[in-house]
Amino acid sequence: MSHAQHGSHAGAQVRLGCIADDFTGATDLANNLVRAGMRVVQVIGVPSQPLAVAADAVVVALKSRTVPAPEAVAQSLAALHWLRAQGAGQIYFKYCSTFDSTAQGNIGPVAEALLDALADVPGGDFTIATPAFPDNQRTVFKGHLFVGDMLLNESGMQHHPLTPMQDANLVRVLQAQCQRQVGLIDYQVVAQGEAAIRARIAALRAQGVGLAVVDAISNADLLRLGPALKDLPLVTAGSGVAIGLPANFGITPSDQASALPAPSGWQAVVSGSCSQATNRQVAAFIQSGRPALALDPLHIAARQAAGADVVADAMAWAEPLLGQGPVLIYSSADPAAVKAVQGQLGVAAAGALVETTLAAISRALVQRGVRQLVVAGGETSGACVQALGIRQMQIGPQIDPGVPWCFAQTDAAPAAGLHLALKSGNFGTDDFFIKALARLA
Ligand code: ADP
């Protein structure tokens, strides 16, 4: 990748090195760090080269949440070694705010492997664990995780297809995944602030506890927790704890942190998400009178079977329109339509067909001069980022909670750079697409 060589700030000190167990979770964490004043770069997987731009924090986006635990450990350790080589003094292992994990992990095994690897660093015998994210209604009290007003195991998460969460007691959940003893820093302690939290950590250490779940029910709790974590080489948490860490490095909120290069080129939206919020956003875009091209997976399959090039079809539609304003290309559909397609093609095959097609369309759009691209859908975003050959993204201003504008180099438009907004399913207001593109201008 050419951009790895021409960065002018290579070697700048990275303060916080983050390891995220999935792609949109990485962006969520990066967004919180940027809002607290850090300049943040997100990298896709563990890079093979040093970081090419200046950043206070780097988030390595892995896909390690549900892979077998030994694989998650190996990926996370590779990320740790790369982050330490970039100078990161503190490591942040980021997982989901609903503590998504199986009976085997991977939160416990990864946290312990990171502790093992940091054993030679002062303070590397202990870490905390808390998915608390009050802005998103995730709170922890007496070690129990609440989603809104519900205990985790009554929140719907008990039915998750990959990581069913059937116990809200995080001390118990984490202990089942760990060799080390797991303890609790409860609300009474957190409410008293830094000194009390530090004293509790010292007491737990003396008892041989290696990891402690931390209660937090508000951002004020997280901001009280932050200074007490200053000397820990490893922090494990959801994205919430991030709001209290930048101050430890003397960093305060500033617009500078989210500054991106000036936008250029044409605008487009690609949507492969069929979530309710996305369907409303697609409808709002169409209602605004802007051009939109619907892709029907069955039609794609038939055209491809006949030897046609569906990407060329889409470009023939888009090219004359791009100069006039944003265009939307979407496969988003309501649940009944999705079911019908899945019934004919199979769930996995339908998903893969649409993802591959939209990813190729994204690349073709950028090759034709689109430089501001909104992508809707978590899996769809992953496919598009991969097709665009993107290895790292600079994180910019927030559009809606959890969704920032990003800037990346792509081999689909060498030397130009691309502004990119990756929106996971249910994020964003109904006017998200127009708002995002207007915000950039
Ligand atoms: P979200 O973030 O809303 O979950 P994703 O992109 O992660 O969105 O997942 C949507 C999945 O549905 C993708 O695999 C996508 O390819 C697939 N898909 C998109 N449109 C359709 C459709 N019309 N019929 C069937 N599957 C679709």
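A salt bridge is a side-chain nitrogen of Lys or Arg within 4 Å of a carboxyl oxygen of Asp or Glu. This predicted model holds 17 salt bridges. Side chains of opposite charge can pair when their charged atoms come close.

**Figure 1. Lysine 142 pairs with aspartate 186.** The two side chains meet in a salt bridge, at 2.8 Å from N to O. Lysine 142 sits in the loop between β6 (138–141) and β7 (144–147). Aspartate 186 sits in the loop between β9 (181–185) and α6 (187–192). The pair links distant parts of the chain, 44 residues apart. Is aspartate 186 buried or exposed? Its relative accessible area is 15%. The cut-off for buried is under 20%, so aspartate 186 is buried. Lysine 142 has 38% relative accessibility and counts as partly exposed.

**Figure 2. Aspartate 430 meets arginine 280.** Their side chains form a salt bridge of 2.9 Å, N to O. Aspartate 430 lies in the loop between β18 (418–423) and α15 (432–440). Arginine 280 belongs to helix α9 (residues 276–287). The pair therefore ties together parts that are 150 residues apart in sequence. Aspartate 430 is partly exposed, at 37% relative accessibility. Arginine 280 is partly exposed too, with a relative accessible area of 42%.

**Figure 3. Glutamate 319 joins arginine 368.** This salt bridge spans 3.3 Å from N to O. Glutamate 319 is part of helix α11 (residues 310–322). Arginine 368 is in the loop between α13 (347–367) and β15 (370–376). The pair thus ties together parts that are 49 residues apart in sequence. Glutamate 319 has a relative accessible area of 44%, so it counts as partly exposed. Arginine 368, at 32% relative accessibility, is also partly exposed.

**Figure 4. Helix α10 packs with helix α12.** Helix α10 covers residues 297–305, and helix α12 covers residues 335–345. They pack at an angle of about 35°. Their axes are 9 Å apart. From α10, the contact uses Pro297, Leu298 and Ala301. From α12, Val341, Gln344 and Leu345 take part. How many of the contact residues are nonpolar? The contact has 5 nonpolar residues and 1 polar residue. No charged residues take part.

Terms used. Residues are numbered from 1 along each chain as its sequence is written. This is a predicted model: local features need pLDDT of at least 70, side-chain atom pairs count only at pLDDT 80 or more; totals for chains, interfaces and linings use all residues. Side-chain values use heavy atoms; hydrogens and water are left out. Axes are lines fitted to C-alpha atoms, for helices over the stretch in contact, and angles run from 0 to 180 degrees between N-to-C directions. Helices (H or I, at least four residues) and strands (E, at least two) are DSSP runs, numbered from the N terminus. Contact means heavy atoms within 4.5 Å. Ala, Val, Leu, Ile, Met, Phe, Trp, Tyr, Cys and Pro count as nonpolar, Asp, Glu, Lys and Arg as charged, and the others, Gly among them, as polar. Buried means under 20% relative accessible area, exposed over 50%, partly exposed in between (1.4 Å probe, protein chains only).
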